[in-house]
Structure formats: structure tokens, C-alpha cells
Amino acid sequence: MSSYSNTARLTEARRVAIFGGTHGNEMSGVTLVNLWMKNSDEIQRKGVEAKPFITNPKAVEKCTRYVDTDLNRAFTPENLSAPGGDELPYEVQRAQEINKVFGPKGSPEAYDVIFDLHNTTSNMGCTLILESSKDHFNLQMMNYIKKAIAPASCLVLLNEHPLLKYSTSRSVAKHPVGLEVGPQPQGVLRSNIFEAMRVILKHALDFIELFNEGMEFPSCSVEVFRVSERIDYPRDANGNIIAMVHPNLQDCDWEPLNPGDPMFQTFDGKTIHYQGSGTVYPTFINEAAYYEKQQAFVTTRRETLVASAIGKA
Amino acid sequence: MSRRNRKRRATGRRKKQEVAGRPAVNRNIQRLLQASECQAGLQRDKAMESVSFPPQSSIAICGGTHGNEMTGVYLVREMQKHKVDKIGSVSISTVLSNPRAVDVCRRYTETDLNRCFTDALLSSPITDSTPYEVRRAQELNAQLGPKGSEKAVDMLIDLHNTTANMGLCLIFYTADYLPLQIFKYIQNKMSSVPVRAMQLDIPLSDAYSLDSLGKHSFSIEVGPQPNGVLRADIFNIVKEAVDHTIAWLQEFNSGSTFEAGEVEAFTVVKSVDYPRDPVTGEISAAIHPQLQDNDFKLLKPGDPIFLSFTGETVKHEGEELYPLFVNECAYYEKKIAFHLAQKRTFKLPSIHMKKD
């Protein structure tokens with residue numbers, strides 16, 4: 001039976017950006033983008049204009065996450081329309097510039113796809129971050145990538161949470177894709193992490209090229225981990241943390257955390273247990289940058305999404 | 001078996017990255033160094049008499065010398081919260097060395113505090129343009145030193161973390177028998193993590209780090225841990241090492257004799273920088289996957305050390321040496337990809353407390 005009538009017809013993804021240095025101390029993206037700005041052969045694909053771009057050059061120069069404020073939280077409607085020019089925090093100015101070049105966010109002129117390259121100190125392996133469960137183009141791309149790298153794994157984190165979702169630099173594009181690879185310390189470049197990110201991007205660009213050339217992708221199921229809750233460290237009255245991620249939870253991103261499992265360990269060795277109502281899948285466990293955001297880890301729930309068949313319009 | 005179940009069964013093994021695990025004892029040491037440059041002297045052939053030292057009654061435990069090395073920051077804070085100032089015969093000062101850097105969770109604010117303790121910097125005049133860390137070093141020298149004087153604390157233990165897979169590593173300047181005996185003691189007591197010693201062959205006047213203020217001092221360097229991250233397993237290791245050190249001091253002060261023996265330590269002989277672009281100075285290669293996380297594993301000529309971004313392998317040339325501090329975050333700006341060291345055996349005499 002022909003599935004033509006069920007195939008979503010989408011426009012070509014011609015304009016593609018690759019962002020590195022959104023956090024200036026996440027070195028895989030900084031290094032890859034700098035490499036491709038010098039020589040873009042590796043990212044050339046027929047029918048695709050791939051633009052590598054350093055989003056936060058001042059932070060990259062200082063090898064720090066940000067200068068004034070987190071660029072990857074800065075793309076709110078308020079910030080993007082804020083007056084004030086030079087008086088604005090550096091990253092808000094950057095967000096406005098990026099929105100001009102790659103957006104405007106939400107408009108037909110916006111870039112088709114933006115890949116935003118990140119590292120994490122958490123043991124997340126290769127993770128693709130999805131911002132909408134209804135983005136069938138991205139779902140199909142992620143399915144393609146997962147199949148291409150098998151048996152190596154690449155998991156999909158879906159952040160559609162009404163409160164925990166945030167305004168990322170990639171959100172300027174029609175199809176924003178986050179790439180998060182860890183564990184890697186800030187300021188450090190690990191060869192294996194760098195090469196893994198490179199391979200993921202290679203497959204992502206291959207997918208876009210195939211799509212633009214007219215290949216149709218049949219409907220498929222994609223397993224995702226949907227962000228559920230942010231869990232902070234136990235803190236005292238002054239806001240100082242009084243316990244650490246438990247050794248049994250440390251490095252166990254994506255593994256089931258059941259009620260009663262160890263979660264934190266106090267400085268004198270006592271265990272604090274997870275008190276949730278059911279099994280969750282924690283991730284971003286002990287990410288350095290999240291201490292100040294009051295987050296020891298996020299919980300996720302496993303879900304299977306169905307991606308429509310897609311083809312070029 | 002899931003990772004969590006493997007963790008339940010493992011005793012103290014760390015599960016991250018490509019952890020090398022506890023290395024095998026190296027049976028292919030090419031040569032032992034001659035004793036000439038060792039200040040404490042190596043008496044290789046004749047039996048060594050027991051050496052005495054005064055009671056070790058005042059110690060300082062320092063954390064946050066680098067503000068983003070979290071284990072020391074939190075251990076010192078905990079000790080201060082519990083008002084730890086004396087344990088048995090040992091009075092303890094707990095010091096947050098670089099509070100400004102700790103506040104912003106950065107290694108330093110203007111200059112690396114742990115390079116400010118040379119004689120020259122400790123005596124340099126303070127002006128309006130003197131960096132914060134140089135001033136702070138002089139304050140710490142007044143509080144815990146003065147360096148080289150009788151008033152200095154008996155022992156200064158400085159707590160550090162590294163992004164390199166160094167396990168638990170004690171760092172000394174001289175082959176001082178007291179810290180070496182403590183190293184031997186800790187090595188025998190702790191089996192959950194590799195315990196090693198690193199020696200910097202530098203005269204006291206040029207000694208640049210905080211621990212040089214104390215009469216008998218060492219740093220405890222534990223990794224791998226990212227900057228800004230507090231890992232429970234690493235915290236527990238450092239806490240245990242500090243507890244063993246204090247226990248040793250109690251035993252020493254109560255008159256125990258610590259037996260003669262031998263320890264191996266690694267003496268740094270040179271450092272290797274990353275390959276860099278000749279025009280921009282940017283690095284053009286990463287530590288090779290076969291070297292990454294293999295600190296203390298003998299590097300032979302022909303072994304890969306870097307993998308360039310365009311896929312070429314750079315190999316080690318020259319003598320067989322031991323790499324340390326492989327891919328330490330803070331060393332990119334110091335143009336160090338890793339140190340190379342020789343392994344030396346130190347014979348220790350038995351030591352005991354000098355009675356009045």
C-alpha cells in the first residue's frame with residue numbers, strides 16, 4: 001500500500017550551521033569549528049551550505065563557560081528584543097547578533113538546521129538533544145545517526161518540559177539539534193570525545209544531503225528520554241551543598257534509578273536515597289556547570305516516539 | 001550486567017573514561033639513578049641508622065589553593081565547620097588558601113597562587129599593581145611560615161585535584177624521610193586506589209608551591225576529577241589519606257619507630273608540549289588515546305603520544321620514561337601536555353621522634 005499520502009513533505013534543509021564555543025570551555029566543539037573554519041572540506045555536502053561558527057568568542061578566548069551570562073540560556077524573546085546595545089550583557093548582545101545572522105528565530109528566513117556542539121563532565125556518552133517531540137525531520141535524522149553508528153550508542157534527550165526547557169542558541173533555527181558528548185573536563189580536549197563528535201556530525205550531514213537529494217525516510221520509532229525533574233544537591237540554610245552525588249549513582253547516566261536507591265552521600269558517609277514514586281533515568285549527573293544552577297542531575301522517563309515518513313517537498 | 005550492579009561488586013574501582021586501573025609493577029626498569037642530586041642522601045649499601053625528628057605538633061591542611069579543585073575546598077570547609085583544630089597531639093590549622101578563586105570557582109584570579117612561593121616572590125615589595133595571589137602568598141607565608149624558618153609549621157599538606165588519571169599521588173620537593181615514611185604508610189594502608197609519589201628536584205629557594213612553607217611538607221594530588229566537580233569517590237580517597245597522615249603523626253609523636261624500607265618515586269626530568277600551529281600557536285593535536293589516562297605507564301620510543309586533528313600519529317622519541325599529569329587542564333596555558341619522569345628507589349632509614 002502506498003504511504004505517499006502519509007509522508008510529511010518538508011522543505012530542503014539547505015542552510016545548516018555548526019556552532020562551537022557556545023560554552024567557551026567545552027573544547028570538542030571549539031576545536032572542530034576552528035578546524036572547519038580553516039578547512040571546510042570535511043563538512044561539504046552536495047546541496048548543503050554548512051557554516052561553522054564560534055558563538056561565544058570572548059568566552060572561548062578566556063576558556064570559560066561564559067563572560068557575563070550563559071549564552072545557551074540567553075535566546076529568550078525578552079533578550080532578543082531588548083534595547084540597550086553596548087550596555088547589555090555580552091552574551092545578550094551576542095544572542096541578538098546570532099539571531100540576526102541565523103534567524104530571526106521563528107521566521108521563514110531562519111536557518112534550517114543548527115548543530116550546537118557541547119561537552120559535559122557527566123558520563124553521558126554521545127547524546128542528541130531534541131527540543132520538540134513533533135520535529136519529524138530531527139527525529140528521522142536522529143534515527144539515521146543511531147543506526148549509522150550502531151553498535152555504538154547515541155541516546156536522545158528530549159527537553160520539552162514547560163519549566164525546565166531553556167532558550168538555546170540553536171533554537172534560532174527551524175530544526176535545532178544539540179550534541180552533547182561526555183565525560184570530558186572543562187578546558188580539556190580528549191581525543192576519543194573529539195572523534196566521536198566528529199563522527200556524529202558526519203552522519204548528520206550525510207542524512208541532510210540524502211534528504212535534499214530526494215531520499216524518502218519511512219516512518220520509524222525513536223526511543224527518547226524525556227526530561228522530567230531537576231534534582232538539586234541537599235543544601236544547608238546558607239545554600240552550601242552538604243552531600244555529594246553517591247558513588248553508586250556517579251557515572252551511571254541513563255541507568256535506571258529506583259525508589260530507595262542511593263542518590264547522595266554526606267561528607268561523613270551517610271546515604272540519602274531516591275524518594276521518587278517510580279523508576280527514572282537520571283542524566284547530566286554531576287555536571288560542573290550545573291552546581292550554580294541548583295542541579296545535581298535531571299531525571300528522565302523513557303518514551304518511544306513515532307516519526308512520520310518524510311520526504312522533500 | 002548494568003554499570004550500577006558492577007559498581008556494587010567492585011571495591012573502589014573507578015568507572016569513568018578509559019581508567020587504566022591499578023598499574024602492574026614495572027619489572028623492566030632500565031636503570032636506577034645515581035644518588036648525587038638527592039639532598040637527603042641515598043645510602044645504598046650500608047645499613048642506615050634510625051633517624052630522629054622533633055615532635056610534629058603543628059600541621060596545616062590547605063585546600064582551595066586552586067579555587068576550582070573541589071575536594072580540598074570541601075574537605076577544609078568540613079573541618080572548619082566541625083571546628084577541627086586539634087587531634088590528639090597534633091594541632092591543626094585548616095586554611096582555604098585562595099578564597100577569591102574559590103568564590104568564583106576558578107584556578108586563580110590574576111596569577112597561579114601555587115607558583116608564588118619562591119623566595120623572590122615572597123620578599124618582593126607590595127605595590128598597587130601586585131597581583132592578588134602574590135599578596136596572598138605573603139600573607140600565607142606570615143601565617144604558616146616564614147618559609148625556611150624555625151617558626152614555620154612542622155608539616156603543611158596541600159590538597160589538589162587533577163584532570164589527569166594520577167590516582168593518589170603525593171608530591172615532594174626533597175627526599176625528606178618524614179613525608180616518605182608517611183607515603184610508605186599510606187601506600188600500605190590504601191588499596192582502593194594506586195598510591196604513588198612524585199618528586200620535584202628543585203632547591204628550596206626556587207620551590208614555588210605553597211607546601212614549601214612547612215618544614216616537612218607535601219601535596220596530595222588526586223585525579224581524575226574535572227575542575228568545578230566534586231566526586232564522592234575522590235573526596236573519600238583524599239579524606240582517608242588525610243586521616244592516615246594524622247594517625248601516623250599521632251603514632252610518631254607517641255614515640256613509635258617506623259621501620260626502614262624502600263619506596264619508589266617519580267622524578268620529573270622534562271615536559272612535553274602539544275604540537276601547535278606555528279602561526280596561531282593553537283594546539284594541532286590531542287593526547288593520543290593510547291596515552292590518555294595512562295599516567296605512570298612506561299612510555300617507550302615509538303609509542304604514540306599525540307593524534308593530530310588530521311589523523312597523524314606523533315610518537316615518543318628518546319629514552320623510556322614515565323608520563324605524569326597527562327592532559328591536565330591547567331597545563332595547556334603552561335604549554336605542558338604531560339611531564340616525563342624517571343622512577344627512582346629511595347632507601348628509608350627507620351625514623352622516630354627525638355626525645356628531649
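These legends accompany close-up views of a predicted model.

**View 1. The largest cavity and its lining in chain A.**
Let's begin inside the protein, where 3 cavities of 30 Å³ or more are counted. The largest cavity holds about 90 Å³ of space. Its lining is made of 14 residues, and those closest to its centre are His23(A), His118(A), Tyr166(A), Glu180(A) and Tyr290(A). By residue class, the lining of the largest cavity splits into 6 charged, 4 polar and 4 nonpolar residues. Why does the largest cavity lie between domain 1 and domain 2 of chain A? Both domains give residues to its lining, so the cavity sits between them.

**View 2. The two domains of chain A.**
Domain 1 of chain A is assigned as 8-224 + 307-312, and domain 2 as 229-300. Between the C-alpha centres of these two domains of chain A there are 27 Å. The domains also touch: 18 residues of domain 1 of chain A are in contact with 16 residues of domain 2 of chain A.

**View 3. The second largest cavity.**
The volume of the second largest cavity is about 40 Å³. Look for Asn25(A), Glu26(A), Asn119(A), Thr120(A), Thr121(A), Gln184(A), Pro185(A), Gln186(A) and Glu287(A), which line the second largest cavity. In the lining of the second largest cavity, 6 residues are polar, 2 are charged and 1 is nonpolar.

**View 4. The largest nonpolar core, around Leu168(B) and Ile220(B).**
The largest nonpolar core contains 73 residues, and Leu168(B) and Ile220(B) have the most contacts inside it. Helix H7 (residues 232-253) of chain B supplies the largest share of this core, with 11 residues. A second, separate core has 66 residues, including Leu32(A), Val177(A), Cys220(A) and Phe306(B). Which residues does Leu168(B) contact, leaving aside its neighbours within four places in sequence? They are Ile186(B), Met190(B), Val193(B), Pro194(B), Val195(B), Arg196(B), Ile220(B), Glu221(B), Val222(B), Ile237(B) and Ala241(B).

**View 5. Chain B as a whole.**
For context, here is the chain that carries Leu168(B). Chain B has 7 helices and 15 strands. Of the 356 residues in chain B, 56% are buried. Among contacts in chain B with a separation of 6 or more, 75% are between residues 24 or more positions apart.

Two proline sites are worth a close look. In chain A, Gly182(A) and Pro183(A) are joined by a cis peptide bond, with omega about 10 degrees. Pro183(A) belongs to the loop between strand S7 (175-182) and helix H6 (191-212) of chain A. In chain B, the peptide bond from Gly223(B) to Pro224(B) is cis, and omega is near 10 degrees. Pro224(B) sits in the loop between strand S8 (216-223) and H7 of chain B.

**View 6. Positive phi at Cys105(B) and Phe325(B).**
Cys105(B) is a residue other than glycine with a positive phi, near 50 degrees. The loop that holds Cys105(B) runs between helix H3 (99-103) and helix H4 (119-122) of chain B. Phe325(B) likewise has a positive phi near 50 degrees. Phe325(B) is in the loop between strand S13 (322-324) and strand S14 (338-348) of chain B. Are these two side by side in exposure terms, buried or partly exposed? Cys105(B) has a relative accessibility of 33%, so it counts as partly exposed, whereas Phe325(B), at 2%, counts as buried.

**View 7. Arg106(B) and its contacts in both chains.**
Arg106(B) is in the loop between H3 and H4 of chain B. Its relative accessible area is 36%, so Arg106(B) is partly exposed. Not counting residues up to four places away in sequence, Arg106(B) touches Lys62(A) and Thr64(A) in chain A, and His66(B), Gly67(B), Asn68(B) and Ala101(B) in chain B. Arg106(B) and Ile87(B), 19 residues apart in sequence, are 32 Å apart from C-alpha to C-alpha.

With 69% relative accessibility, Lys100(A) counts as exposed. Lys100(A) and Val172(A) are 72 residues apart along the chain, while their C-alpha atoms are separated by 9.4 Å.

Methods. Residues numbered from 1 in each chain as written. Chains lettered and ligands numbered in written order. Predicted model: local features only at pLDDT ≥ 70, side-chain atom pairs only at ≥ 80, totals over all residues. Heavy atoms only, no water. 1 Å grid on protein atoms, 1.4 Å probe; cavity = no way out; pocket = protein on both sides within 12 Å on 5 of 7 lines; lining within 4 Å. Points joined across faces, edges and corners; volume = space filled by probe spheres on them. Nonpolar A, V, L, I, M, F, W, Y, C, P; charged D, E, K, R; others polar. Domains from an automatic or database assignment. Core = buried A, V, L, I, M, F, W, Y, C linked by side-chain atoms within 4.5 Å. Buried < 20%, exposed > 50% of the residue type's maximum accessible area, 1.4 Å probe, protein only. Helix = DSSP H or I, 4+ residues; strand = E, 2+ residues; numbered from the N terminus. Contact = heavy atoms within 4.5 Å.
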